[in-house]
Amino acid sequence: MALADRWLLPDGIMELLPPQARQVELMRRKVLDLYHSWGYDLVMPPIAEHLESLLTGVGHDLDLNTFKVTDRISGHTLGVRADMTPQVARIDAHRLRTEGPSRLCYCGSVLHTHPANMLASRNPVQLGAELYGHAGPDSDVEVIALMLETLSAVGVAGPISLDLGHVAVFSRLMQLCQLNQQQQADYQDMLQRKALPEIDRFVAALELDDRSALWLQTLPRLNGSVDVLARARTLFASDAELVQAVDALDALAQRVVQRCDGVSTYFDLSELRGYHYHTGVVFAAYTPSYGQALAKGGRYDNIGRDFGRARPATGFSADLKTLIDLSASRPAANGNAVLAPAGEDQTLQQAIRLLRASGERVVQQLDGEISEPGRFRRQLVPKGGDWVVIDL
């Protein structure tokens, strides 16, 4: 590596400088205080764990996105976390062992071998909240409402659209149409790409009965406003489980809209985000100014089974740095700090302590230091036997 390249960060790895670093920290505190006010307890999992633990349960899908290292002490393979959700699930199932509902939240750095999308960094600051031990729609409504409240607290500008889906629709169709594992994987890939002509050709080649073929061809087209749910009920009228999933999604959306002012809903019954571990509703929040999801989550019941304790769960996560990039809120400029002169005068030191205690930012000059022009707009000066702050 050339000497000049030593100071370059790896591709997709980002650092935070003033004042962005302070803004992230201030927002982190604000969001965690919000979660605390909702009854969510903060957990701080380690940055690295035994690889088997990180890739257990929901973590299985993270294998290719997880950095692996060898522990010099034990010789075991460790993983640097790519997602904190499996860690929090382990804590709930194995460490806390709460009998009733458990509300946990977190905020910390994760590391990805590949960026989640073209706009994402490989070292996001992941924040989120998880609700364990409750399988009903009340907990889904709560975490969706908290996710939307998070976006409001951070100050994300623009209208928010809530994208809703239900993976039980796909799961039941795979069961009814009797697709094998490879066929399911191929169909799922085409669904995620919304490759409609490709799907039509794929379905035609399967030699299914007319009803099954119609289902598989129509599923990727079931997206849009609430009218989509009426179309889905008509299409799936012959199967009670499919209709039940659609009805559950409809009821959930109505409750969210009633609780959360200003949110619009969009339905996509072919959305399979996290299909391998999600078991029910999946959701994501979008804004017109950003081409990717701001926050996303869903229900993943029995997440703790591989940790020895099956627990229903629902939750969401987001990248705090992305939310702040889209925020209309900005921290006060450092130029608002007060410049204090050098010296050990007791009255001066007392004045500095009082200003800092009141929330002011005070920078005391060092002996011989020359401040950059324009850096400070206020200064602490002696006046009438006291110290006062004046504008420069």
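The expected span of a helix is 1.5 Å times one less than its number of residues. That rule is applied below to helix H3 of this chain, residues 85-96. The structure is a predicted model. Its chain has 392 residues, of which 48% count as buried, and its secondary structure comes to 12 helices and 16 strands.

**Whole chain**
- Taken along the principal axes, the C-alpha atoms fill a box of roughly 95 × 55 × 50 Å.
- The chain exposes about 20400 Å², and carbon and sulfur atoms supply 52% of that area.
- Among contacts with a separation of 6 or more, 67% join residues 24 or more positions apart.

**Helix H3**
- H3 has 12 residues, so at 1.5 Å a residue it should span 16 Å; the end C-alpha atoms are 15 Å apart, which agrees.
- Buried here means under 20% relative accessible area. Nine of the 12 residues of H3 are buried, so the helix is largely enclosed by the rest of the structure.
- The buried residues of H3 are Thr85, Pro86, Gln87, Val88, Ala89, Arg90, Ile91, Asp92 and Ala93.
- After H3 comes Arg97, which has a positive phi, near 55°.

**Largest cavity**
- The count of cavities of 30 Å³ or more comes to one.
- The largest cavity has a volume of about 40 Å³.
- Its lining is made up of Leu54, Leu55, Leu62, Thr66, Arg81, Ala82, Asp83 and Pro86.
- By residue class, the lining of the largest cavity divides into five nonpolar, one polar and two charged.

**Second largest pocket**
- The second largest pocket holds about 310 Å³ of space.
- Helix H1 (20-37) and helix H11 (320-325) are the elements that each give two or more residues to the lining of this pocket.
- H11 supplies the largest share of the lining, with four residues.
- In total, 17 residues line the second largest pocket, and those nearest its centre are Met14, Leu16, Lys321, Thr322 and Asp325.
- The lining of this pocket comprises eight nonpolar, four polar and five charged residues.

Key:
Residues are numbered from 1 along each chain as its sequence is written. This is a predicted model: local features need pLDDT of at least 70, side-chain atom pairs count only at pLDDT 80 or more; totals for chains, interfaces and linings use all residues. Side-chain values use heavy atoms; hydrogens and water are left out. On a 1 Å grid over the protein atoms alone, a cavity is a set of points where a 1.4 Å probe fits but cannot get out, and a pocket is an open set with protein on both sides within 12 Å along at least five of seven lines; lining residues have an atom within 4 Å of a point. Grid points are joined across faces, edges and corners, and a volume is the space filled by probe spheres set on the points. Ala, Val, Leu, Ile, Met, Phe, Trp, Tyr, Cys and Pro count as nonpolar, Asp, Glu, Lys and Arg as charged, and the others, Gly among them, as polar. Buried means under 20% relative accessible area, exposed over 50%, partly exposed in between (1.4 Å probe, protein chains only). Contact means heavy atoms within 4.5 Å. Accessible areas come from the Shrake-Rupley method with a 1.4 Å probe; for residues, only the protein chains shown count as cover.
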